Amino acid sequence: MAIDIKAPSFPESVAEGTVATWHKQPGDSVERDELIVEIETDKVVLEVVAPQNGTLGEIKVQEGETCESEQVLGTIGDADAASSDEKKQAPAEGKDDAKAESKPAAGGEGETLEVKAPSFPESVAEGTVATWHKKVGDACERDELIVEIETDKVVLEVVAPADGALSEIKVQEGETCETEAVLALFSAGASGAAAPAAEESDSKSDEGQDEKVGDKILAPAARKMVAEHDLDVSKLVGTGKGGRVLKEDVAKAVKEGTAAKSAAKPAAAPKAAAPKAAAPKAAPAFEGERPEKRVPMSRMRQTIAKRLVNAQQTAAMLTTYNEVDMSAVMELRKQYKDTFQKVHDTKLGFMGFFVKAATEALKRFPDVNASIDGTDIVYHGYQDIGVAVSSDRGLVVPVLRDTDSMKLADVEKTIVDFGQRARAGKLGIDEMQGGTFTITNGGIFGSLMSTPILNPPQTAILGMHKIQERPMAVNGQVVIRPMMYLALSYDHRMIDGKDAVQFLVAIKDLLEDPARFLLDV
């Protein structure tokens, strides 16, 4: 059975890529996860690995040709490899040849493939299996999401290696796994037999992962969330196979508040009384006890906590403050926001101005753009600025690379893309590694003043805050101006107070006269 080799999913900001190098040629044997082709985009070089053991068949996109996101680049077949082995054995084996031909027939149910965890980078030791989106016996299509792994930085998705069915789960939800660990076994081409097997297991065992509540079928992760948030199952809308309610459906209902139980529902009151009466048996309570809920901290939250505490314990952190008059930036946005959106197909926000101003200031003060490595100081000849983004899973800091060469529109587009993918859990680990400086914006939540914490091994971080009109003395007159407090936290081991203050003043001056850095004067 031939399996397609597809290009990876490109982010929205990448339109197409170019096939740079084929590391295998038609007829070459390949092993699962072996590098077979590299695709070069305008930002990075992406590696495509073999989805299974087999032989490279047809190459559909040659070196130097362009390809789009998820386009089929070639095929891998196991039948060719099997037939070539049979041909090699034919002269020597005679009668045994008939036995060799019977093996493919017996294997018609499908080859068994291993579903492995992705290769974690060196900085990630292990991950936790967060959610199985398929259960044993469920039919899957190639590249369909089957399991999510949560690391201390991102949530990684593992997809089906071929069309077929999940035959065995080896690592359950909540258990840890190491890089490239075998998570499950997968039967390629077994989708036809998968459905009855699943039905049998559901009918024979009360331990089936799905549960029918009323007229709804709930996945295990969804059932857990329903119990945690005390939701009305009848109000949930399932998007899974056959109307199955998935974890994502429940999360959406919680966010939108569409499945909350109504207090004034007389008919539902007797039914609701049963589970509530069962609660004291599981957890004895005494009169007057206030309810509590204990939830294990996610791996990402544990890492965030560890890094924040480590930053305060290992760095001589100090914060300096200033304020900036945002009149010029706001006037510029007001004048050009409509034209900017028509030309660049993105909104003109504030963050782009701060990134460009910080980039210019970092060039003037290289100590602020440096990092500490043991007893060495590493000076970076480039500006990679991390932008803190809040997501449901915690705070993540994707990095804008080489901001000095980025246009204002490129910065705005990339930040929007980061925000969307952070909330969807689609950011890659490589996008959050590195960085020479960080900007965090507490102003979007209404913060007027705060002290940002360093993001090691970086030596400085800029905090933006809420824009608020205040009376200011300008040329001897009291005028109302939109003002923002700025906070720069820095590592005093590396940066002197004078340089930190002057760096922050430079950002203030650039923002109050944005033409200076837009015109490079």
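**Close-up 1. Phe365, a buried ring in a predicted model.** Phe365 is buried, at a relative accessible area of 16% (buried is under 20% relative accessible area, exposed is over 50% and partly exposed is in between, with a 1.4 Å probe and protein chains only). This is a predicted model, so to speak of local features we need pLDDT of at least 70, and side-chain atom pairs count only at pLDDT 80 or more, while totals for chains, interfaces and linings use all residues. Residues are numbered from 1 along each chain as its sequence is written, and side-chain values use heavy atoms, with hydrogens and water left out.

Close-up 2. Helices (H or I, at least four residues) and strands (E, at least two) are DSSP runs, numbered from the N terminus.

**Close-up 3. Phe437 joins in.** Phe503 is buried, with a relative accessible area of 0%. Its ring also pairs edge-to-face with Phe437, at 5.6 Å centre to centre and 65° between the planes. Phe437 lies in strand β26 (residues 437-441) and Phe503 in helix α11, so here the parts tied together are 66 residues apart in sequence. Phe437 counts as buried too, at 0% relative accessibility.

**Close-up 4. Two arginines over rings.** Arg333 lies over the face of Phe350, 4.2 Å from the ring centre (the rule wants NZ of Lys or CZ of Arg within 6 Å of the ring centre and within 35 degrees of the ring normal). Over at Tyr485, the charged end of Arg470 sits above the ring, 4.2 Å from its centre.

**Close-up 5. An open antiparallel sheet.** In the order β5-β4-β2-β7, 4 strands make an open sheet with antiparallel pairing (two strands pair if DSSP finds at least two bridges between them). At the edges are β5 (45-49) and β7 (66-67), each pairing on one side only. Strand β4 (residues 35-40) runs antiparallel to β5 and is joined to it by 5 bridges. For Glu40, the bridge partner in β5 is Val45.

Definitions and conventions: Rings of Phe, Tyr and Trp (its six-membered ring) pair if their centres lie within 6.5 Å; planes under 30 degrees apart count as stacked, over 60 as edge-to-face and the rest as tilted.
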